[in-house]
Amino acid sequence: MKIERYPPTNSTSLQAWNSADELLVQQADNHVTKQMQLAIYHDTFGYLSCHLHSFNPQVVTVSKSQEKAIIRNLQLNKQPVDGLSIINPLGDLEKKTDVVFMKMPKSNDLFELFLNHIINNLDEDGTVYVGFMTRNFSSGALAMAKKYFDSVEQTKAIKKARLMILRKPVGGKKESLIHKIEYQDLVFQQYYGVFSANNIDYATQYLIENLKVTESDLNILDLGCGNGVIGIMAHKINPEAQVHYIDDQNIAIESARLNSKDGTFYHQDNLDSFADNEFHLVLSNPPFHFEHENNIEISLNLFREVHRILKKNGSFQMVANQHLNYKPHLQKIFKSVHSVNNHAKYIIYRCLK
Ligand SMILES: C[S@@+](CC[C@H](N)C(=O)[O-])C[C@H]1O[C@@H](n2cnc3c(N)ncnc32)[C@H](O)[C@@H]1O
């Protein structure tokens with residue numbers, strides 16, 4: 001079977017699966033029968049969905065890029081995608097499940113969202129297998145598993161990966177999980193698993209304190225919007241503006257929808273749905289982590305697309321950790337790049353098309 005990363009990468013060291021995925025598939029081969037209802041959670045690039053396809057799994061993900069990776073890899077391996085059910089954890093599974101295979105997410109908050117979803121959709125005699133690399137194990141994740149399951153066991157490590165085996169779900173329907181974050185005179189709501197659960201991220205705050213929004217900025221994009229805080233603060237400065245919110249995670253988009261009553265929302269991982277020269281202003285605290293990998297390739301591709309969708313003389317304002325050193329990359333794309341760096345840790349770039 002051939003499994004490729006989406007989006008593709010130039011790095012030869014980044015892989016599309018690891019030994020935690022292999023361990024999960026071995027477990028399925030030994031313990032799952034065709035009569036069982038199977039669900040897969042957080043299948044990074046589709047290794048699990050491709051190998052377990054014959055069990056007709058229900059596939060749960062929050063991310064558009066993950067959904068695309070799964071579909072592309074099924075197609076690459078000539079497996080049918082019609083009838084594949086891809087579900088997000090804000091809705092229920094179509095059928096109760098007997099057995100779950102999950103790749104443990106980096107974020108414990110997202111892990112909790114998934115566990116909460118699982119216990120609402122799992123047969124009471126069901127089993128959950130969670131695969132992870134031992135170097136990524138955290139006591140927080142173990143505590144989370146014990147909050148939702150009375151029986152939590154771990155296998156021995158094989159090729160530096162291990163499984164957690166969860167049984168006996170703790171009873172009682174669990175509610176949807178939403179954090180409330182106070183910032184300035186507003187309260188932002190966000191589903192568990194959305195970026196920066198406890199406070200508005202400090203880099204984001206620094207960008208907001210330095211936003212330059214004028215009354216002629218009528219069409220604004222909040223790129224990688226999370227709970228929508230950047231776009232919402234820009235809208236406060238120019239209430240005439242139409243603000244668009246885009247994020248790879250549906251839980252982020254649904255959070256932004258809770259916080260902004262008059263935005264336009266896109267659950268997408270690229271800017272293909274926007275025309276050339278469409279925006280006066282694009283704002284972002286862009287992603288530079290992909291799970292446990294540090295990877296700025298995704299952001300650099302987005303920056304090239306930002307240039308395309310900006311109007312002439314339109315502005316791209318973004319914040320980043322100083323050490324990422326985006327300036328030379330941005331200078332290759334934009335007519336001018338001005339930086340504001342009176343902060344010890346973060347830097348703001350204002351780029352003009
Ligand atoms: C650093 S967080 C910023 C979130 C929010 N703007 C804030 O400041 O709190 C980056 C966001 O980008 C999103 N993201 C990652 N890759 C993306 C992509 N390819 N397209 C759109 N959004 C993406 C992530 O889901 C995450 O919500």
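Me: What should I keep in mind about the numbering and the model?
Reply: Residues are numbered from 1 along each chain as its sequence is written. The model is predicted, and local features need pLDDT of at least 70, side-chain atom pairs count only at pLDDT 80 or more, while totals for chains, interfaces and linings use all residues.

Me: Why is leucine 23 called buried?
Reply: A residue is buried if 20 or more other C-beta atoms lie within 10 Å of its own, exposed if 12 or fewer, and partly exposed in between, with C-beta atoms placed from the backbone. Leucine 23 has 20 other C-beta atoms within 10 Å, so it is buried.

Me: Which residues does leucine 23 touch?
Reply: Leaving out residues up to four places away in sequence, leucine 23 touches Gly131, Ile158, Ala161 and Leu163. Contact means that the C-beta atoms of two residues, placed from the backbone, lie within 7 Å.

Me: Where does leucine 23 lie?
Reply: Leucine 23 lies in helix H1. Helices (H or I, at least four residues) and strands (E, at least two) are DSSP runs, numbered from the N terminus.

Me: How does the reach of H1 stand against the expected span?
Reply: The expected span is 1.5 Å times one less than the number of residues. H1 (residues 19–31) has 13 residues and reaches 18 Å from first C-alpha to last, close to the 18 Å expected.

Me: Which residues of H1 are buried, and what makes them one side of the helix?
Reply: The buried residues are Ala20, Asp21, Leu23, Leu24 and Ala28. They cover an arc of only 160 degrees around the axis, so they sit on the same side of H1; the arc is that of the directions from the helix axis to the C-beta atoms. The face turned away from the buried side carries the exposed residues Asp29 and Asn30. Among the elements covering the buried residues are helix H2 (47–51) and strand E4 (97–103).

Me: How is the chain divided into domains?
Reply: There are domain 1 (19–169) and domain 2 (178–352), with bounds from an automatic or database domain assignment. Their centres, taken over C-alpha atoms, are 31 Å apart.

Me: What makes the two domains neighbours in contact, and which element of domain 1 gives the most?
Reply: By the contact cut-off, 14 residues of domain 1 are in contact with 14 residues of domain 2. On the side of domain 1 that touches domain 2, H4 gives the most, with four residues.
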